[in-house]
Amino acid sequence: MEEGRLPGGGAPRQEAGLSGTLRTGGEWVVEVLRAEGVRHVFGLPGVHNLAIYDALIRQHDIAHILSRHEQGAGFMADGYARSSGRPGVVIVTTGPGATNVLTPLVESFADGQPVLVLMSDIPTALIGKGLGALHEVSNQIDCFKPVCSWAETIYDAREIPAAVERAFNLFRTGRQRPIALSLPTDLLVAKTEGRREMFRDGPPVCDPRLIDDGAKRLREAKRPLIVAGGGVISAGASAELAALAHRLGAPVVTSVMGRGSISEADPLWLGVLPNYRSTQAALERADVVLAVGCRFTHRSTKGLMLKLDFKPEQTLIHLDIDPSVIGLMHRASVAIVGDARNGLSGLLAALGKGPGTTEWDAAWIRSQREIRWPRYTETVDRLITMLRQALPPEGIVVNDQTGLNYWMEWHFPVLEPRTFLYPVGSATLGYGVPAAIGAKVAHPDRPVLAVLGDGGFMFSVNELATAVKYGLGIVFLVLNDQRYGAIKYLQEGIFGKYGEVDLANPDFPAMARAFGAE
């Protein structure tokens, strides 16, 4: 390894230095996590990662949440990160322990969540040799590269602390996506000095000239519209977004990941992006569209619902921390790379004080927001209304994938950021139970409600034992129709018949009591 450089490429911002302190690799992992402010980790011990667990159980700053399956630990870390904004950390062992985390990382990657996976590996001398070592997966780290912004095997024990530090620096300075580090077991038990980087970078700031250009176009707009995505949530820019919307008099459309970036009780909130019956007309009428932290995913804008295209006479201002997102789906007239909070603050300052000259009609915005699909029934609406009334604004709702979740995606009123967790990126079943555990660990003082179907509940019902073990008091609402109902609906609609979707379910309340839950 080149001196002064970190695994994975990229020069450090500060000169690297050896600490002068001897620690095992496992102790270095825990020391850096503690220094980075980590207070909870999720995982399972195994024969190869015990040096990390030895360090964990000898300290008191970081609490470990023991899952019943590594997939559960991964979803817990996602729920923790999604509800708190703090990185979720997963510790797993080699081979099957590591690969069990892949499905959660697919979701975290698609939805831009900062999840760090620290996995053990077989001894360095055996990696890639195919000799049949215990838990061996040939080049284990290669499994993780498609679902991580950085995935690397560390081959020098001295580089373990610097690599973990770099992971947290990447979370702070760019688009948040999972990171995986593979740590050979011989490095975890070896005592060594550790190389420290001590990154202190912050998120990138926006080009002031582009901010001025965007502000000029917004100032001249007659029907400005804002599309707010998950980047607004990640940047903690909800206040700036609301202030800019009211300065312009601009309606706000949120992506699913952007829900809560503006209170949906605000009269300027119009709807959720893929709900085209509410949003299509506004997107077509707008003369200037400001997209912030939104990548216009195919699922939301080119999929089954909304078919979004901007006309030549429309101006798109696209602000995102990830330059690869801008122009990927739609050409931007003004492309601003940087942190959403910095960009929104800059636009607000450049616009100056005074009311906007919007032509939007408040009654029309309200009417668009209240549009419902013909299949949206009074029964569903009554249940969603009851759930909203039962929870305080800061209460956290964790969704899985079932019929009610599909309606809640658009119509459950979200009043604060990070209170509506929805696995929209890969629409995975089994997210709800463990993600709710992660959210409750992050916010023990808030009520957490998990809404699931019977099929998704059974994907990860084993983690009910984890919720009971830690006395978390999560409410699980299970919609039990004895089948994979959404698949039955699609089969009947496409093929005129259905099959292989009926389920043999347990008595769920009796099962809960068997776990020790109420």
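Start at Thr 419, which sits in the loop between helix 16 (403-411) and strand 18 (420-421). Helices here are DSSP runs of H or I with at least four residues, strands are runs of E with at least two, and both are numbered from the N terminus. Before going on, a word on where the values come from: this is a predicted model, local features need pLDDT of at least 70, side-chain atom pairs count only at pLDDT 80 or more, and totals for chains, interfaces and linings use all residues. Residues are numbered from 1 along each chain as its sequence is written, and side-chain values use heavy atoms, with hydrogens and water left out.

Is Thr 419 buried or exposed? Thr 419 is buried, at a relative accessible area of 3%. Buried means under 20% relative accessible area, exposed means over 50%, and partly exposed is in between, with a 1.4 Å probe and protein chains only. Leaving out residues up to four places away in sequence, Thr 419 touches Pro 393, Glu 394, Gly 395, Ile 396, Val 397, Val 414 and Arg 446. Contact here means heavy atoms within 4.5 Å.

Val 397 also turns up among the contacts of Phe 412.

A nonpolar core is a set of buried Ala, Val, Leu, Ile, Met, Phe, Trp, Tyr and Cys residues joined through side-chain atoms within 4.5 Å. The largest one has 71 residues, and Phe 412 is among those with the most contacts inside it, together with Leu 225, Ile 226, Val 227, Leu 290, Phe 296 and Met 408. Strand 14 (residues 288-292) supplies the largest share of this core, five residues. There is a second, separate core of 42 residues, and Ala 98, Met 119, Ala 180 and Val 398 are included in it.

Three of those names come back at Phe 144: its contacts include Ala 98, Met 119 and Ala 180. Where is Phe 144? It lies in the loop between strand 6 (115-121) and strand 7 (150-153). At 0% relative accessibility, Phe 144 counts as buried. Beyond its neighbours within four places in sequence, Phe 144 is also in contact with Thr 99, Leu 102, Leu 105 and Ala 151. From Phe 144 to Ile 179 is 35 residues in sequence, and 8.6 Å in space, C-alpha to C-alpha.

Now the rings. How many aromatic pairs does the structure hold? The count is 13. Rings of Phe, Tyr and Trp (its six-membered ring) pair if their centres lie within 6.5 Å; planes under 30 degrees apart count as stacked, over 60 as edge-to-face, and the rest as tilted. Phe 296 and Phe 310 are edge-to-face, at 5.9 Å centre to centre and 75 degrees between the planes. Phe 296 is in the loop between strand 14 and helix 12 (298-301), and Phe 310 is in the loop between helix 12 and strand 15 (315-320), 14 residues apart. Phe 296 counts as buried, at 2% relative accessibility. Phe 420 and Tyr 422, by contrast, are stacked, with 6.2 Å between centres and 10 degrees between planes. Both Phe 420 and Tyr 422 are buried. One aromatic cluster is formed by Tyr 276, Trp 373, Tyr 376, Trp 407 and Trp 410.

In helix 21 (residues 508-515), the buried residues include Phe 508, Met 511 and Ala 512. Seen down the axis, the buried residues of helix 21 fall within an arc of 105 degrees, so they line one face. The arc is taken from the directions from the helix axis to the C-beta atoms. Arg 513 and Ala 514, on the other side of helix 21, are exposed. The cover over the buried residues of helix 21 includes helix 18 (454-459), helix 19 (464-469) and strand 20 (475-479). Just after helix 21 comes Gly 516, with a positive phi of about 100 degrees.

In helix 3 (residues 70-84), 14 of the 15 residues are buried, so helix 3 is largely enclosed by the rest of the structure. Helix 3 is followed by Gly 85, with a positive phi near 85 degrees.
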